[in-house]
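Good morning, and thank you for making time for this item. Please bring up the sequence and the model.

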Amino acid sequence: MIAPVTIAFGSTRRILGRRVLPLAKALAKALAKALALPLTLLLLLAPVLDGCSTGGDARTVSAAARLEFNADSAMSYVRQQLAFGPRVPGTPGWQQTGDWIVTRLQATADQVTEQKWTHTLASGQKIPLRNIFARFRPDATERILYVAHWDTRPRADSDPDPANHDKPIPGANDGASGVALLLAVADALKKAPPSAGVDLLFVDGEDYGTFGPDVDVLLGSTYFASHLPTPEYRPLFGVVWDMIGDADLNIPQEMYSAQKAPEVVQRVWAKAKELGYEEYFLPDMRTYTITDDHYPLLAAGLRVIDVIDLDYNVHHAMGDDISRVSARSLQIVGDVAMALLR
Ligand SMILES: [Zn+2]
């Protein structure tokens with residue numbers, strides 16, 4: 001009998017803010033008297049019962065979303081990928097990581113499918129590729145799509161030491177961070193299913209070839225764009241999450257995203273601001289476009305933007321290791337990712 005009354009009290013306090021607290025206290029006092037309960041007990045119970053509240057207040061949901069994303073788990077997922085080694089298509093580290101992602105998703109998502117195919121490179125050489133696609137509430141017509149590339153670059157061709165140019169990068173931020181984000185989102189959705197359908201797409205071969213001109217890159221997203229789950233598949237909106245674990249996090253708006261799907265950019269940056277993350281999700285736009293997995297998806301008519309922190313001085317270098325990734329950054333981006341789903 002106390003619970004509904006106390007929950008309403010808690011929600012009222014949160015909706016109206018601190019200024020109504022004296023009024024709320026007076027109300028609680030009156031209630032306590034009516035219920036013949038000590039006031040202190042009622043006030044002590046309030047925050048506890050408050051936490052159980054799942055009412056329609058958007059701010060309540062946002063606060064809850066913040067608690068849902070476990071950045072420590074996400075960090076452990078980054079470490080696990082690094083332990084498998086570089087995720088270069090066709091290598092043992094790639095095989096093990098792909099199997100591990102599938103196993104994790106089978107424990108959390110409602111449905112997990114894979115796309116496996118062989119890609120013929122410009123050189124004529126063939127490589128195996130594999131997209132992994134996990135769905136929550138697969139029957140829901142309104143859907144949100146999150147994308148991360150799970151492969152890592154075979155060549156550290158931006159490394160200051162030319163001797164490293166043919167070595168595969170560790171890919172802690174460029175690769176592992178986006179995958180870790182999506183896996184931790186999946187954990188949270190397992191605990192509290194989303195209101196809309198949610199699709200998590202792990203694309204392969206984003207970083208395989210050369211950029212500018214682009215040859216043998218964006219392979220998994222290009223394949224997905226021409227092999228959609230159904231021909232009419234059109235999520236409400238989608239986000240590519242890439243390089244979002246940098247300890248020095250700053251994410252301006254990407255120009256091609258802002259041109260092609262401005263309403264999605266607006267939605268994501270407004271949510272970040274609402275959560276108090278304006279200093280990380282910068283309100284200004286980049287003055288250049290970034291080639292990433294959103295390109296083929298936008299070209300296929302999907303409203304997908306790129307959330308990327310390309311201000312990273314060890315990009316495509318051997319220094320892209322665990323020391324550059326922080327749980328704090330994963331928490332910030334994870335909070336935004338979760339809040340967008342509520
Ligand atoms: Zn890259």
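Predicted model: local features only at pLDDT ≥ 70, side-chain atom pairs only at ≥ 80, totals over all residues.

What percentage of the 342 residues of the chain count as buried? The figure is 42%. As for the contacts in the chain with a separation of 6 or more, 79% of them are between residues 24 or more positions apart.

Let us turn to the interior. In soluble globular proteins, nonpolar side chains tend to be buried together. Here the largest nonpolar core holds 76 residues, and the members that touch the most others are Leu-181 and Val-185. Which helix gives the most to this core? That is helix α7, residues 172-191, with 12 residues.

From first C-alpha to last, α7 reaches 27 Å, which is close to the 28 Å expected at 1.5 Å a residue. What does Leu-181 contact, once its neighbours within four places in sequence are left aside? The list comprises Ala-74, Ala-148, Trp-241, Ile-244, Leu-330, Val-333, Gly-334 and Ala-337.

I move now to a pair of helices. Two packed helices are described by the angle between their axes and the distance between the axes. For helix α5, residues 71-84, and helix α6, residues 92-106, the axes come within 8 Å and the crossing angle is roughly 145°. On the α5 side, the residues that meet α6 are Gln-80, Gln-81 and Phe-84; on the α6 side, they are Gly-93, Gln-96, Thr-97 and Trp-100. By class, this contact has 5 polar and 2 nonpolar residues, with no charged ones.

Finally, the strands. Strand β1, residues 111-120, and strand β2, residues 126-136, run antiparallel and are joined by 10 bridges. Within that pairing, Thr-118 has Pro-128 of β2 as its bridge partner. The hairpin of β1 and β2 has 5 residues between the strands, and Gly-124 in this hairpin takes a positive phi near 100°.

Strand β2 also pairs with strand β4, residues 197-203, in the antiparallel sense, over 5 bridges. There, the bridge partner of Phe-136 is Val-198 in β4.

Thank you; I would welcome any discussion.

How values were computed. Residues numbered from 1 in each chain as written. Axes fitted to C-alpha atoms, helices over the stretch in contact; angles between N-to-C directions. Helix = DSSP H or I, 4+ residues; strand = E, 2+ residues; numbered from the N terminus. Contact = placed C-beta atoms within 7 Å. Nonpolar A, V, L, I, M, F, W, Y, C, P; charged D, E, K, R; others polar. Core = buried A, V, L, I, M, F, W, Y, C linked by C-beta atoms within 7 Å. Buried ≥ 20, exposed ≤ 12 C-beta atoms within 10 Å, placed from the backbone. Expected span 1.5 Å × (residues − 1). Pairing = 2+ DSSP bridges.
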